[in-house]
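Have a look at it before reading on.

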Amino acid sequence: MGGKVTCTLGEVKQRADFIIYWGGNPAECHPRHFTKYTIMQKSKFLPRGRKDRTMVLVDIRETKSVKAADIFLQVRPGRDFELITILRAMIKDQHVADEQLAETGLARDVLEDLVARMKSAKFGCMFFGMGLSMTRGKHMNSAALLTLAAEMNAFTKFVAMPMRGHGNVTGADVIMRWQTGYPFGITFNRGYPRYNPGEFSTVDVLVRGDCDAAFIIGADPGATMPQPAIDHLKRIPTIVLDPHVTHTSRLARVHITTAPQGIAAPGTAYRMDELPLPLKPALKSPYPTDEEVVRRINAAIADKPFWLPEGSQPQMLTAQV
Amino acid sequence: MTLQIIDNATCTFCGCVCDDIQLHHDEVRIHKANKACVLGTAWFLNHTAEQKYPAALVDGREASLDEAIEVAATLLHEADMPLVYGMSNTTCEAQKECVAMADLLGGLLDSHTSL
Amino acid sequence: MLRIVNGKVYDPANGIDGQVREICIDESGRIAQNVTGGRTIDATGMIVFPGGVDVHTHVAGGAINFARAMTPEDHRRTQAFIRTKTRRSGLGGMAPTTFATGYLYAGMGWTTVNEAAVPVLSARHTHEELTDIPIVDKASLTLMANNEIVLDLLENGEYERAKHAVAWYVWAAKSYGIKAVNPGGVAAWKWGHDAKQLTSPIAGYNNITPGTIVTQLARICEELNLPHPIHLHCNNLGAPGNIATTIDTLKHLEGRRAHIAHSQYHAYGGDGWESMCSRTSELADYFNSHPQLTTDAGAVLFGDTVTITADGPWQHLLYKLTGRKWGNLDVENETGCGIVPYTYRPSNLVNAVQWAAGLELLLLIKDPWQVFLSTDHPNGGCFWRYPEIIKLLMCADFRRECLTQLPARIKKHITLPEIDREYTLYEVATAMSAGPARALGLTRKGNLGVGCDGDVVIYHDTDDVEQMFGHPRYVIKGGEIVIEEGEIRETPEGREFLARPSYDPATDEFMKPLFEECYTMSFENYPVELERIERAEIMECSSE
Amino acid sequence: MNIAAATESPPVTFRLRRPPTVPLEAETLTPDVIERLSNAEIRSLIVYHGKRQLPLSEFFDVEGERSDRLELHGDLNKVRWIGRAMSHGSITVHGRVGMHLGAYMRGGEIEVHGDAGDWVGAEMKHGFIRVRGNAGGQVGAAYRGSLAGMKNGLIIIDGTAGLEVGMRMRRGTIVIGGRAKDFVGLQMKGGTIVLLEGAEIRAGAWMNRGTIISLQPIQLMPTFAFAAAYNPMFMHILSRHLQPHGIALPCAASEGSFQLFSGDLAVPGKGELFVWEGQSPAI
């Protein structure tokens, strides 16, 4: 069933002689990724730095990152999943017909060259961005690349990693996993965590109108989500915590201004490779931190009657084996 | 005026979370963010310690923090299916409190990841 | 304050073997000579043990957290802890959530756990998770045997510097000691290789071998005066015929103290999966003649689990064998880990050998102060299944019954059918509490003497051993009743034990450039701040 | 569908009287639970309106008792887990129905005169589900992380279906009358999916074994290879199996033939994907 084979960014810096960026534009979205972690770094294993590494960029259009690439592969829009699946077949020497290869917008010799380079790498690493994970196919596109990386380990060392954006989204993922067992898309309505993306993920919940109050922190869905989702946020009581008065604040019942993290609020943030780093705020904000406000709201909720009636035990919805 | 310097500060704008930034600030404003990229520099320089917004808004009018917290708690407590969402641009410490909130409320919990 | 009267007390640290004694706990949560006031528990018809101590488990940090995300199907079928007004919800199963980990350990009477594998780089993360494990006290070990800075120093013969670097790392990680996993093998895995020969230089080096790493790290732990000796996961884990490597490794210790982790996985003969057999008697003999060594069983129980180890090469092999899921996470400069869900089946010859070998070690090593209860959670089975192992150790008839479920041809591969030994309650108390506490150097644990921590577990004295150990009547942590009749009463926060070895203050200056060459975070941000450890208890270690 | 008429007692009927404002989880709406209970006991069964535990009678008027035949009326599109793990008996729904209909089902029959949500018959082991309207995604699929989806039984969706129909299914049959969305038969391990109106992209992606039959031209994954054009024998058997449900598969060589593709080469798998070429079959 494949899996997830990954590493910390220091491993890439030290060892990766072959790097693929897929559906991402680090030059503009993660500007120091090249210089700090990947292609530009020299290491004891790759003493000549950039010269010792090969970088392949796969995207549907030319971006500013192309300049940094040794090889640019322009895949047809919406054909990433097909291309990765073809590569999975090709590394196993399965024959894929020419006309089918052509659907991806790439020629056989180009892909054969790519497979040969992947297999002859000492340490390969694939980074994938939202151009892959947010286009048609979504989580299956990410799964495809992760599976390709896992399968490459039959030939050489290979890892894959998402290029997470949005500040500390990785921290939320990591914390939810240790406290609830699941990374996102969770409900506690039976008194314990249950998981089902699609059922409990926010866009779906809002579009279907499945919640009757919303607490929004560190995000501005009022600016980014589809209109039916925003409409539901307007219908229900919404509470927003943010350093700015945002689009979501304007449609909310309650907005509370808080100190921006890392600038005026201390704490921890996780890097995209799940490494926690301490924050060192420079400024003293006139506003309280998110942590403090959420803690105070929690205390106020805890003062009210507990939602589960005394002595009641909700039924679990367990898997039936 | 001499600026105060913070070494090895951490930038949380993107997933790179670079922790080698040198910040020069005067307590109100960050004037320089050495080593930060163009996105990180904008992130650091655009936030100030000024009081630009009201402490809180309740139904569109300015409110005290205490009042807003009480209203928020009441609205969330009354709901049959409250949702706790977001958690990208905040600290782990706040994220833990958010998970605790969803657990305490018996509600939904989700992050940007699900988008 | 608490007084426990009329119970039969098993306190091996003080030689008490089932005598009726009174146990008192004062308001500071310590065992006292006497107390006035407070609650009295009448333990008539019950037995009283010191709280359990897990010497080797994986309950917090990047690897287990990776496993949690990989196994939603297990979370759906497992025991859930429902939220109460004051208690957080959680999920049990193969990779329990942090809150559930505390509830489950305390629920069967364990009050101290040692997280056995922490990369320094994710130490900050591990401590955050440990903080979220309620009730039990915690310690953690830093992974060291594949750390490239330390290996480079040893390669160049700079032993003293290496010693200071190790001490620096232990304190930077705010850990309790040193764990060595597959010395040299994980470093080699980063190039897709392994280190199988103890005397061959490891990939990328000319001088150092797995053997020299073992010798030097054992010496370093001893000279730093760490409370726990080197905690060693030998090379060649799980491979048929690895007994030779294991014995060779033990010889490289040159008479020093050491704790050998999950030795079940290191006690095989044969030269392939078909001929694989248990060679536990050989390993047990070595332990029986070397009292300075301790080990934990790493016992295997049949059923589903998820395997997690810093032994990346082994995990890739297991993935290829199972064709199921595979996670792998390499950590820069230090270590790596692999994660593979796995089902141990009695019908599978290899699994059957593993099952028998774990029990054999527990039964063949004569001194229960040397061999401790563990499943290398979650690798051999989940920790909350320990009562099943206790039953297997205490009831030879039950073992024989289980043996009938195994393939007939197993007989040539194991020695378990010939072993009649049955553990006494005193021996169980030693292997689950007093022994591991002593090996860890936790002097106030596993001991009901005056001044020790008031961690006590009280069981109904019944013949149904599994029921008895799975469902304690009371569990007391630091003098507070946390479990009563299977109900969680209180969920106090546990403490964390840290060791502070001394090192040359110039080590920082020396480490900085080396660090900056390998790592991607700022040197100054690397050490875990002491303020982040809630309820830290520091053991100062003075080197001679 | 002919739901066995010859049972001794009349069915228990449930009429929605108050539409839920948030999802209503009602896994007790299953013959296994209802057949043992009196009318009063049925009314006081607990359902979950979001996080609130309420008696069933808050939302439904209930008539009848102690029957393994359930009849539900109303717009139940927010009502989830109806028929969960049922082992026998029948459920008929007149109106829309929410997610997880017949999930983990072990036997019996469910018929919906209306649309259904996601996860119809997810991880079911046996039994028969018919949805006369459209269904959501993950019909007969495996829940996230599970190794196997539906293990046996029959699901017929007369209308369209969403993403990942039959994901990781191991055995059994799914028929989709309308068009299905992407990833039909994703990582399929066995069983049969019949697509009367074809599907969007990526049908059969990563399939290991099993059979997908499309009566309309379909966009193939590039990792499927043409194997043969013929009229396989088993199509007769399958057609006969589906015929009582008013579904006919073209079998006769006179009408055309099936193009067989095998894949997914990426696995590499031995799945079969049949695409009909010939006259439009009469349904």
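## How do we know?

The centres of domain 1 of chain B and domain 2 of chain B, taken over C-alpha atoms, are 29 Å apart. The model is predicted: local features need pLDDT of at least 70, side-chain atom pairs count only at pLDDT 80 or more, and totals for chains, interfaces and linings use all residues. Residues are numbered from 1 along each chain as its sequence is written, while chains are lettered from A and ligands numbered from 1 in the order in which they are written.

Q: What makes domain 1 and domain 2 of chain B domains here?
A: Their bounds come from an automatic or database domain assignment. For chain B that assignment gives 4-46 as domain 1 and 56-110 as domain 2.

Q: Why is B:Asn8 called buried?
A: A residue is buried if 20 or more other C-beta atoms, placed from the backbone, lie within 10 Å of its own, exposed if 12 or fewer, and partly exposed in between. B:Asn8 has 20 C-beta neighbours inside 10 Å, so it counts as buried. B:Asn8 sits in strand E1 of chain B, and its phi is near 50 degrees, a positive value in a residue other than glycine.

Q: Why does D:Gln187 count as buried?
A: D:Gln187 has 29 C-beta neighbours inside 10 Å, so it counts as buried. You'll find D:Gln187 in the loop between strand E12 (173-176) and strand E13 (192-195) of chain D. D:Gln187 also has a positive phi of about 50 degrees, although it is not a glycine. Most residues other than glycine have a negative phi.

Q: Why is C:His290 called partly exposed?
A: C:His290 has 16 other C-beta atoms within 10 Å, so it ends up partly exposed. C:His290 lies in the loop between helix H10 (280-288) and strand E16 (293-296) of chain C.

Q: What makes strand E11 (residues 254-257) of chain A and E4(B) a pair?
A: Two strands pair if DSSP finds at least two bridges between them. These strands have 3 bridges, in the antiparallel sense. At one of them, A:His255 has B:Leu57 as its bridge partner in E4(B). As for the names, helices (H or I, at least four residues) and strands (E, at least two) are DSSP runs, numbered from the N terminus.

Q: What makes residues of chain B and chain A count as in contact, and how many take part?
A: Two residues are in contact if their C-beta atoms, placed from the backbone, lie within 7 Å. The contact takes 78 residues from chain B and 94 residues from chain A. On the chain B side, H3(B) gives the most, with 14 residues.

Q: How many residues of chain D are in contact with chain B?
A: 6 residues of chain D are in contact with 4 residues of chain B.

Q: What is the peptide bond from D:Gly263 to D:Asp264 called, cis or trans?
A: It is cis, with omega near 0 degrees. D:Asp264 is in the loop between strand E16 (256-263) and strand E17 (271-278) of chain D.
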